[in-house]
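Let's take a walk through this structure together, one piece at a time. Keep the 3D view open and follow along as we go.

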Amino acid sequence: MKTRELTCIVCPMGCTLRVELTDEGEVAAVTGNTCPRGAAYAKDEVLHPVRTLTTTVRAAGTDRPLPVKTDRPIPKEHLFDAMKRVNSLQVEAPVRIGDVLLDDLFGAKLVATADLL
Amino acid sequence: MNSYQVAVIGAGVVGSLVARELTKYDLSVALIEAREDVATGSTAANSSIVHGGFDPEPGTLKASLNVKGTAMMPALAAELGVSYRNNGSLVIAFSAEEMETVRALYARGRTNGVPADSLSVLGQAELRKLEPNVSDDAVGALRCASAGIVCPYGLAIAAAGNAADNGASLYLSAPVTAIAKRDGKFLVTAGPHMIQADYLVNCAGLYADRVARLIGDDSFTLRPRKGEYLLFDKSEGELTGHTMFQVPTTAGKGVLVTPTVDGNLLIGPTSVFSDDREDKSTSADGLAFVRETAGKSVKGLNFRQVITSFSGLRAVPDGEEKDFIIRFSERDGHFLHCAGIESPGLSASPAIAVYVADLLRDAGLPMRPNPRFDPCRRSDHWFRRLSAAEKNEVIRKDPRYGRVVCRCETVTEGEIVEAIHRAPQATTLDALKRRLRSGMGRCQGGFCTPLLVELLAKETGKAPTELCKGAPGSLLLAGTLKKGAEQA
Amino acid sequence: MKTEIAIIGAGPAGLAAAVAAYDAGVKDLLLLERDAAPGGILQQCIHNGFGLHRYGEELTGPEYAARDVAEVRKRNIPILTETMVLSVAPDRTVTAMNRQNGIFTVEAKAIVLAMGCRERPRGALNIPGDRPSGIYTAGTAQRFVNIQGVLPGKEIVILGSGDIGLIMARRMTLEGAHVHAVCELMPYSGGLNRNIVQCLRDFDIPLLLSHTVSRVHGNGRLTGVSVAEVDENRRVKPETERYIPCDTLLLSCGLLPENELSKGAGVPLDPVTGGASVNERRETAIPGVFACGNVLHVHDLVDFVSEEAHLAGESAAKWVLSGAAGHAERSIPVRAGGKVRYTVPQRIDSPETPVRLFFRVGSVADNAVLTVKSGQTVLAAKKKRRMTPGEMESFELSPAVLCAAFDAGEPLTVSVN
């Protein structure tokens, strides 16, 4: 049995959550939460934490980078690998907000979050 | 190798004014500065006061040059377009005993030649009428109407620029590391340059003793003495009209409270000897002392409106020397020291320049007037001083004057580009700040720094990652991001 | 130039105010913006988390701004960019300057102040030490990284755990910098839990509570900072001082509403918020001059900025359409009591429509009871499990409560105990 402690981010309460994990890595119990949303968050965060990546890419012909994001969260452990791929990318104008720049970045699409005209 | 009749070492306010004074004559003049800009040493950070001249010991160079320099300052500031205000000063007394000192200062002022109509001893009622925010504990004061405030680095920049406009050669980033003598001429190693000169004037500020050592002269040693200051937002600039000193006591000289020419309020300084000539740090203790001591003079100091703190170093002669050291070296009759210019050095600087020229003439330097000398330099602040209609005329011809880059101080792109290209050329953020006040306002560069970096890079052709805040090594950025394919 | 409503600032507040004023019937509007493009600070806030309340989805800053800009463009409301407003006169004449027009004036019937805020700089924090390069506010660093594509530094210490500092800790880390620590003077963070978790813990960046930077070192570039614990009076405990080598210090120590123009116009300010004192329609004490967004009080979420700006824009339009008619005959001041630091609005001029009061607490309040009193009479009360200084709280006053307050004629006091 292992225990992990987390701060809940679902609401401003910031409950301290304790998650008990079985030796097989499954969630046995969540304590410390004051609502069901907290328990759900704890489970997800322990088993497969994901994050939306927001960063910039190089745009041809200008020093100013273009802001981008993944259209859905990607596994947290791949954030730095994702950064490497994004940093090697170069886009050409015109790009419209929402345009897909990479089709598969660890399960998500990389999309522009601003126009490049 | 470039050859000059006179080379001035050090482009602080003294060196810059000396160089300018010499361009009034038909002379070839070099102004050599170790740093990347003029006015980075004691000139950059001091009280910015034009003292009346009642304080120095009678009979000293300090006394005579202070009184003369203060009298010259208004006209000089006008010629050079430098901010100056004749706001007068007060020495505040807090006891009957201190009033005695006030009377003694009055008498000394008269001995030193301070005009009689400029000095007056005020009682409590008169003082309060003049300065309603003066402390309730103040019992009287010495008023000196001829005292004023000036922008010290503005004065040095304008003097160096005017010297350059009148033909002087300005060498920046040129630290003097060796001085040799060959065929009766000095050979000066100044950074990448070799400069030949008949006469040298040592205006090297905090490093003047080290420059003296380069010709084997160890007749004086300087010790830096640090002063820490607090600067308030312009919202506090009218707390006092006069510059307020405290009566010097055995416990110390007290601290001053003064408006600045830019409309801020300044309090300080501390006075502590330091062993490091580059130490511009502030300390929690020092700033606490300034806050506490300044609070004795005036009511209503609002410390929430402090926008920055800073410190400066004064070059104070060690040992027996109590006066300015302005004399030819005993080692070489063509090497003139202009050293130990501590307070009231700024006030005296215009007169020091004339005095130096006189000493050089007496030493045999031929000095015919330069018919092409133009005493005037357009102020770095020329644009902001125009009327709205005049500004519009300028903006119509050059729209860059219509784009505000520093919002707190309303500095336009046009002014910045001009300062980057005009002598003495600004190549760093601090250099721009000293000329235009960009980044000196309430946000302290938060908004304009990235914009200034873009403009400096564009106008100087340097990469943003090569740009400095000020001193060598003070790089602003660590790298460029998003190299795209190069990175892969 | 003449216009019905001049809006100063085309960030989220100004944009939303413009749209609301237009939709309320005033078509002759002018937005004045100092930056090269509309959107304000959102342009550099490339992270997500904006818009949950307003749109029910998480947008990045540029995406959130783009939606407002699109609405403004759809209505053909003119935006003058790279235009600096130099002054606002009490008669609602705006003086501004740009490349095309030089210095020009705009005579407006109503003005909406939407200039936003600035960050507290090093000088105002009075951190002793040297004056090297490499000390930036978090927002300046954010602009360098996200807009200009340059990295301000590689070895970072952050002072202040405000959200911008936390966001920049993550951003700099993702771009290859090493963030050594975030120091927070207070015993709690001013940032959102989500940011503490996702910007610091995700990257093992220590958050040092009750710590400050006691000294900065370096003559050229920053070479390091001294970090120390503080006591309950926020004074440095010298024995805890330790040195952290770094080349960059980022400051995230609070935001200050940027009200120099308001002061120049003679608008009375609330000393606590640093913004104008307003009524429930976001009208300042000067008739026809309205304020909204971070220039009025620093918000935690842009969604609330937009909501407030909508109200201010609509109010400005109504004011213009009603022929710029007078002032309230009676008004009830709203005061902060207990742990409440301030309220917005600071006065209520009419009891006829519900009023949502916004406020912040000065310290963490657990199992808090919020009360609204008129004199000694409790008119409304609400329980809340936790309130923190980092979050803006709100409470709606019904017309019934307001009528009772107007009948009593005494100030309303909002307190948390």
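This is a predicted model: local features need pLDDT of at least 70, side-chain atom pairs count only at pLDDT 80 or more; totals for chains, interfaces and linings use all residues.

Now look at a pair of helices in chain B. For helix 10 (residues 413-421) and helix 12 of chain B, the axes come within 10 Å and cross at roughly 45°. Helix 10 of chain B is therefore oblique to helix 12 of chain B. As for handedness, the crossing of helix 10 and helix 12 of chain B is right-handed.

Which residues do the touching? From helix 10 of chain B come Glu413(B), Ile416(B), Val417(B), Ile420(B) and His421(B), and they meet Leu452(B), Leu455(B), Leu456(B), Glu459(B) and Thr460(B) in helix 12 of chain B. Sorted by class, this contact of helix 10 with helix 12 of chain B has 6 nonpolar, 2 polar and 2 charged residues.

Next, let's see how chain B meets its neighbour. The contact between chain B and chain C takes 46 residues from chain B and 40 residues from chain C. On the chain B side, the elements that give two or more residues are helix 7 (284-294), strand 18 (306-317), helix 9 (388-397), helix 12 (448-460) and strand 23 (479-480). The residues on the side of chain B that touches chain C divide into 21 nonpolar, 16 polar and 9 charged.

With strand 11 (residues 150-151) of chain C, strand 23 of chain B pairs in the antiparallel sense over 2 bridges. Look for Gly479(B), which stands opposite Leu151(C) in strand 11 of chain C.

Now cross over into chain C. Chain C is divided into domain 1 (2-118 + 256-327), domain 2 (121-253) and domain 3 (335-416). The centres of domain 1 and domain 3 of chain C, taken over C-alpha atoms, are separated by 26 Å. Their contact takes 12 residues from domain 1 of chain C and 12 residues from domain 3 of chain C. On the domain 1 side, the residues divide into 4 nonpolar, 5 polar and 3 charged.

Chain C also has an open sheet of 3 strands, in the order 15-16-17, with antiparallel pairing. Strand 15 (211-217) and strand 17 (242-245) of chain C are the edge strands, each pairing on one side only. Ignoring direction, neighbouring strands of this sheet are turned by 30° against each other on average. Strand 15 of chain C is joined to strand 16 (residues 224-229) of chain C by 6 bridges.

Let's finish with a hairpin. Strand 25 (residues 365-374) and strand 26 (residues 377-387) of chain C run antiparallel and are joined by 9 bridges. Ala365(C) stands opposite Met387(C) in strand 26 of chain C. How many residues lie between the two strands of this hairpin? There are 2, and Gly375(C) in the turn has a positive phi of about 60°.

Note on methods. Residues are numbered from 1 along each chain as its sequence is written. Chains are lettered from A and ligands numbered from 1 in the order in which they are written. Two residues are in contact if their C-beta atoms, placed from the backbone, lie within 7 Å. Helices (H or I, at least four residues) and strands (E, at least two) are DSSP runs, numbered from the N terminus. Ala, Val, Leu, Ile, Met, Phe, Trp, Tyr, Cys and Pro count as nonpolar, Asp, Glu, Lys and Arg as charged, and the others, Gly among them, as polar. Two strands pair if DSSP finds at least two bridges between them. Domain bounds come from an automatic or database domain assignment. Axes are lines fitted to C-alpha atoms, for helices over the stretch in contact, and angles run from 0 to 180 degrees between N-to-C directions. Angles under 35 degrees count as roughly parallel, over 145 as roughly antiparallel, 65 to 115 as roughly perpendicular and the rest as oblique. A crossing is left-handed if the near helix is turned anticlockwise from the far one by less than a right angle, and right-handed if clockwise.
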